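Please consider the protein presented below.

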Amino acid sequence: MDKWECPCGYVYDPEEGDIENGVEPGTPWEKVPEDWVCPKCGAEKEYFEKLD
């Protein structure tokens with residue numbers, strides 16, 4: 001599964017999810033809720049870029 005990076009440097013890793021904010025491990029980026037924001041800086045999903 002693809003990882004996604006926030007401009008602040010936080011990387012969303014689907015294998016880890018974001019348990020503290022309700023995203024279970026194994027959740028692909030496409031299934032992360034649209035109202036989820038970066039746990040580090042609060043940026044919205046639209047600002048994340050896919051890592052190669």
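The following paragraphs describe the overall fold, then the surface, then the core.

The model is predicted, so local features need pLDDT of at least 70 and side-chain atom pairs count only at pLDDT 80 or more, while totals for chains, interfaces and linings use all residues. Residues are numbered from 1 along each chain as its sequence is written, and side-chain values use heavy atoms, with hydrogens and water left out.

The protein contains 0 helices and 3 strands, in the order β-β-β along the sequence. Helices (H or I, at least four residues) and strands (E, at least two) are DSSP runs. The radius of gyration is 10 Å, close to the 10 Å of the globule rule for 52 residues, so the protein is as compact as a globular protein of that length. This radius is taken over C-alpha atoms, and the rule is 2.2 Å times the number of residues to the power 0.38.

| Property | Value |
|---|---|
| Box filled by the C-alpha atoms, along the principal axes | roughly 25 × 20 × 15 Å |
| Accessible surface (Shrake-Rupley method, 1.4 Å probe) | about 3700 Å² |

Carbon and sulfur atoms account for 44% of the accessible surface. Buried residues (under 20% relative accessible area, 1.4 Å probe, protein chains only) make up 33% of the 52 residues.

The largest nonpolar core has 11 residues, among them Trp 4, Tyr 10, Val 23 and Phe 48. Such a core is a set of buried Ala, Val, Leu, Ile, Met, Phe, Trp, Tyr and Cys residues joined through side-chain atoms within 4.5 Å. Not counting residues up to four places away in sequence, Phe 48 touches residues including Trp 4, Glu 5, Trp 29 and Ala 43, where contact means heavy atoms within 4.5 Å.

How values were computed: Buried means under 20% relative accessible area, exposed over 50%, partly exposed in between (1.4 Å probe, protein chains only).
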